[in-house]
Amino acid sequence: MAPYLALNYIITFICFTDTHLLLPIMSLYALSIGASVGAIGIIVGLYSAINTLANIFFGRLIDRVGYKSPLIFGLFGDALCMFGYTLCQSPVCLALLRGLHGLAGGIAGPATMSFTGQRVTRGKRGRGMGFYGAALALASLIGYGLSGILASRLGYKAVFYFGSALLFLGGILALAMPRGKPIARPEVVVGEELRKIGSLLKRRGLIISYCSVFAQYFAFGSVVTLLPLYVKGLGMEAFQVAMLLATFTIAFIFLQLPSGFLSDKVGRWIPVVAGLSLSVVSLVALPTLKTFTSLAAVMALYGMAYSLLFPSISALITDYTDHGEQGLATGIFHALLTAGVGFGAPFMGWVAELTGIELGLALSSGPFALTLLILLLIGALGGIGKASNGPH
C-alpha cells in the first residue's frame, strides 16, 4: 500500500472515532448539565442536521481548492469543539457547540474519501475502498468501547479530552499529506452547482450508491436504538448488547478486504445485491431469535452484509464521476450517511413505540428492500457493471 494512502486511512480512523466516542454519552452528558428530554433530542440531532449540509458544501469546496487545507482545518476545528464540550455549563452552550462540531465534522469525510478515490488505480478501487470502510468500522468499534470505559472510570470530560488530543494528532498527521491540486473551476455559480448535483443524482451507479448508504445507516441508527431494548426484554444486560454490536463490527472489519477484491474482480453488481439481500434477511430474522448465540450469529451475518456493500458502493463514486466532481459526489455520500443515522434512530424509535420493538426491528429492513428493488429495475436497464473510467 502506498505510504500516503496508509496515512490517509489512519487519518480517516481518527476523524471518525470522535463521532463514535460521543454517541454513547452525549445524551447523558446533556442531562448532567440540566437539559430536558426535549432539549436532549435537539442537542443530539443538531450535529446530524448541520453535518448533512456541511458534507455537501465542503465536498464541493474540496473540488475547488484541493483536499489538504480543508482536511487540516476540519481536524483542528473538531479538536477545538471536543475540547469545548468540557467548558459547557448550560444546554444552550452545548447546543451551539454541537452545531459548530457538525459544521467542522463535515470536512474530513469528503476529503479522505476523495483522496482515496484519486490515489487508487482503476482496477483496485474496490480494495482501496475496502481499506477505507475498515477504517470507518474500526473507528466505531474502538470509539464505542473507549467511550464507555473512559466515561465510567474517569467521567465524561475524560472522553472529550481524549477525543480532542486524538483529533489534534490527526491534524498534525494531515500536515504530512501531499498537497492536492484544485480540480474544478474556482468560480461559484449557484445554478450551475445545482445542475451539477442534479446530474450526479441521475447517474445509475450513484443512485445505487446513495440509496444503499442511506439504507445502511438508517438501519444502523434503528438497530443501535432498538437492539438494546429488545435484548433487555430477553433478560440480558448491557454487556451482551456491547458484545452483539462488537460481533457485527468485527465481521464488518475483517470481510472488507475480501469484499473489495470480489468487487474489483466481478464488478459492483454481485456484492451489492448480495449485501442488500443479506441485510434484509438479517433484520427480519433478528427479532425472531431469543438466545445470545443465535443473536450473535445473525449480527455476524449483518456485519457480512455491510462488508459486501460498503467497498462496492464507495467505489461506485469513483466509477461514475470525473476528478472535478468527486469532492461533491463524496460529500453527498457522507451527507446521506449522516442523514441515515439521524433519521433512522428517531423514526424507527417512533415506529417501534407504535408497533412494538420486534416489528420495529424487522421494519428497519424496509430501506434495504426498496434499494434492492431500485437496483433490480436498473439492472433490467443494463445494470451498473464493472468499474468504469468516468460518469455514465
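Which helix does Asn 8 lie in? Asn 8 belongs to helix H1, where helices (H or I, at least four residues) are DSSP runs numbered from the N terminus. What you have here is a predicted model, in which local features need pLDDT of at least 70 and side-chain atom pairs count only at pLDDT 80 or more, while totals for chains, interfaces and linings use all residues. Residues are numbered from 1 along each chain as its sequence is written, and side-chain values use heavy atoms, with hydrogens and water left out.

Let's stay with Asn 8 for a moment. Its relative accessibility is 1%, so Asn 8 counts as buried; buried means under 20% relative accessible area, exposed over 50%, and partly exposed in between (1.4 Å probe, protein chains only). Skip the residues up to four places away in sequence, and Asn 8 touches Thr 112, Phe 115, Thr 116 and Met 177, with contact meaning heavy atoms within 4.5 Å.

Now for how the helices pack. Two packed helices are described by the angle between their axes and the distance between the axes. The axes are lines fitted to C-alpha atoms, for helices over the stretch in contact, and the angles run from 0 to 180 degrees between N-to-C directions. H1 (residues 3-22) and H4 (residues 68-85) have axes that come within 11 Å and cross at roughly 25 degrees. H1 and H4 are therefore roughly parallel to each other; angles under 35 degrees count as roughly parallel, over 145 as roughly antiparallel, 65 to 115 as roughly perpendicular and the rest as oblique. The crossing of H1 and H4 is left-handed, that is, the near helix is turned anticlockwise from the far one by less than a right angle, with clockwise giving right-handed. On the H1 side the contact uses Ile 11, Cys 15, Asp 18, Leu 21 and Leu 22, and H4 brings Leu 71, Leu 75, Asp 78, Met 82 and Tyr 85. Sorted by class, that makes eight nonpolar, no polar and two charged residues (Ala, Val, Leu, Ile, Met, Phe, Trp, Tyr, Cys and Pro count as nonpolar, Asp, Glu, Lys and Arg as charged, and the others, Gly among them, as polar).

Leu 138 has 33% relative accessibility, so Leu 138 counts as partly exposed. Beyond four places in sequence, Leu 138 touches Phe 13 and Ile 253. H7 also packs with H12 (residues 256-266) at an angle of about 160 degrees, with the axes 7 Å apart, and H7 is therefore roughly antiparallel to H12. This crossing is right-handed, and the contact residues of H7 and H12 divide into five nonpolar, six polar and three charged.

Finally, the core. The largest nonpolar core has 104 residues, and Leu 94, Met 299, Tyr 302 and Phe 368 touch the most other members; such a core is a set of buried Ala, Val, Leu, Ile, Met, Phe, Trp, Tyr and Cys residues joined through side-chain atoms within 4.5 Å. Helix H10 (residues 204-233) supplies the largest share of this core, 14 residues. Setting aside neighbours within four places in sequence, the contacts of Phe 368 include Ala 215, Ser 279, Tyr 302 and Leu 309. Ser 279, in helix H13 (residues 269-285), has 0% relative accessibility and so counts as buried.

Methods. Helix = DSSP H or I, 4+ residues; strand = E, 2+ residues; numbered from the N terminus.
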